[in-house]
Amino acid sequence: MSPPLIAVFGSGAALPEDLERARRLGRALAEAGFGVLNGGYGGTMEASAAGAREAGGHTVGVTCRSFTFRSGANPHIQEVVEAESLTARLETLLSRAAAYVVLPGGNGTLAELSLAWEHVRKGLLPGAPRPIVAWEEPWLRVVKALAEGPYLDSSADELVWVRSVEQAVEEIRRRLG
């Protein structure tokens, strides 16, 4: 039986410290008995998959057929799921994960955070609630900016803020039981 998959959202174009953080996260998740699920390409996706594989963990990458400019999954991905579109890719990542970790990133990572948050807030995913663990920097500022406006209709209680790999893995362990 495959281990529970934890989606790792982050940037394909990451800073060296983000790559190291992603690698340590992948390793720590695998050591805790989780599989790593991500977008399957480079940057933090490749780094988290590499870390998981170093620890003997299972990795799944969800690639996108419409990304004709991409060559394929990174070499650390064991199981490739090819989605037809970006929307189908995001839905696959959301539906297959038991929890989500949101690393620093750009527009794509913001879209993943927003979509996961909306699905969890509205109960759109079957089964037990799925934790969303987000790096405090930069995402807390983004969420606070939303909360200051008239558009956020509830608090951000669904989001768990962390500052370290160890804290992220501990929160996932605790929340998944």
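**Helix packing and buried side chains**

Reply: The axes of α1 and helix α6 (residues 165-176) come within 9 Å and cross at roughly 35 degrees. Bear in mind that this is a predicted model.

Me: Is the crossing of α1 and α6 right-handed or left-handed?

Reply: Right-handed, as α1 passes α6. On the α1 side the contact is made by Arg21, Arg24, Leu25, Ala28 and Leu29, and on the α6 side by Val165, Glu166, Ala168, Val169 and Ile172.

Me: And at what angle do α1 and α2 pack?

Reply: Helix α1 (residues 16-31) and helix α2 (residues 44-54) pack at about 35 degrees, with axes 6 Å apart. The crossing of these two helices is right-handed. From α1, the contact uses Asp18, Leu19, Ala22, Arg23, Gly26, Arg27 and Ala30. From α2, it uses Thr44, Ala47, Ser48, Ala50, Gly51, Ala52 and Glu54.

Me: Switching to α4. What span should its 15 residues have?

Reply: At 1.5 Å a residue they should span 21 Å, and the end C-alpha atoms of α4 are 21 Å apart, so the two agree.

Me: Which residues of α4 are buried?

Reply: Thr109, Glu112, Leu113, Ala116, Trp117 and His119. They cover an arc of only 165 degrees around the axis, which puts them on the same side of α4.

Me: What covers them?

Reply: The cover includes β1 (5-9), α3 (86-96), β5, β6, α5 and β7. Just after α4, glycine 123 has a positive phi of about 65 degrees.

Me: You mentioned α5. How far apart are its end C-alpha atoms?

Reply: They are 17 Å apart; at 1.5 Å a residue, the 13 residues of α5 (residues 136-148) should span 18 Å, which agrees.

Me: Which α5 residues are buried, and which are exposed on the other side?

Reply: Pro138, Trp139 and Val143 are buried. Those three cover an arc of only 135 degrees around the axis, which puts them on the same side of α5. On the other side, Arg141 and Glu148 are exposed.

Me: What do the buried ones pack against?

Reply: The buried residues of α5 pack against β5 (99-102), α4 (107-121), β6 (132-135) and β7 (159-162).

Me: New topic, asparagine 74. Where does it lie?

Reply: In the loop between β3 (59-64) and β4 (79-83).

Me: Buried or exposed?

Reply: Asparagine 74 is buried: its relative accessible area is 6%, and the cut-off for buried is under 20%.

Me: What does the side chain of asparagine 74 reach?

Reply: The backbone nitrogen of histidine 76, at 2.9 Å. Not counting residues up to four places away in sequence, asparagine 74 also touches Gly40, Tyr41, Met45, Glu46 and Ala49.

Me: What lies 2.6 Å from the backbone oxygen of histidine 76?

Reply: A polar atom of the side chain of threonine 59. So the backbone of histidine 76 is contacted through its nitrogen by asparagine 74 and through its oxygen by threonine 59, with threonine 59 buried at a relative accessible area of 0%.

Me: Where is threonine 59, and what does it touch?

Reply: Threonine 59 is in strand β3. Leaving out residues up to four places away in sequence, threonine 59 touches Val36, Ala49, Ala52, Arg53, His76, Ile77, Gln78 and Glu79. One of these, Ala49, is also touched by asparagine 74.

Methods
Residues numbered from 1 in each chain as written. Predicted model: local features only at pLDDT ≥ 70, side-chain atom pairs only at ≥ 80, totals over all residues. Heavy atoms only, no water. Helix = DSSP H or I, 4+ residues; strand = E, 2+ residues; numbered from the N terminus. Expected span 1.5 Å × (residues − 1). Buried < 20%, exposed > 50% of the residue type's maximum accessible area, 1.4 Å probe, protein only. Arc of directions from axis to C-beta. Contact = heavy atoms within 4.5 Å. Polar contact = N/O pair within 3.5 Å; in protein donor to acceptor, adjacent residues only side chain to side chain. Axes fitted to C-alpha atoms, helices over the stretch in contact; angles between N-to-C directions. Left-handed = near helix turned anticlockwise from the far one by under 90°.
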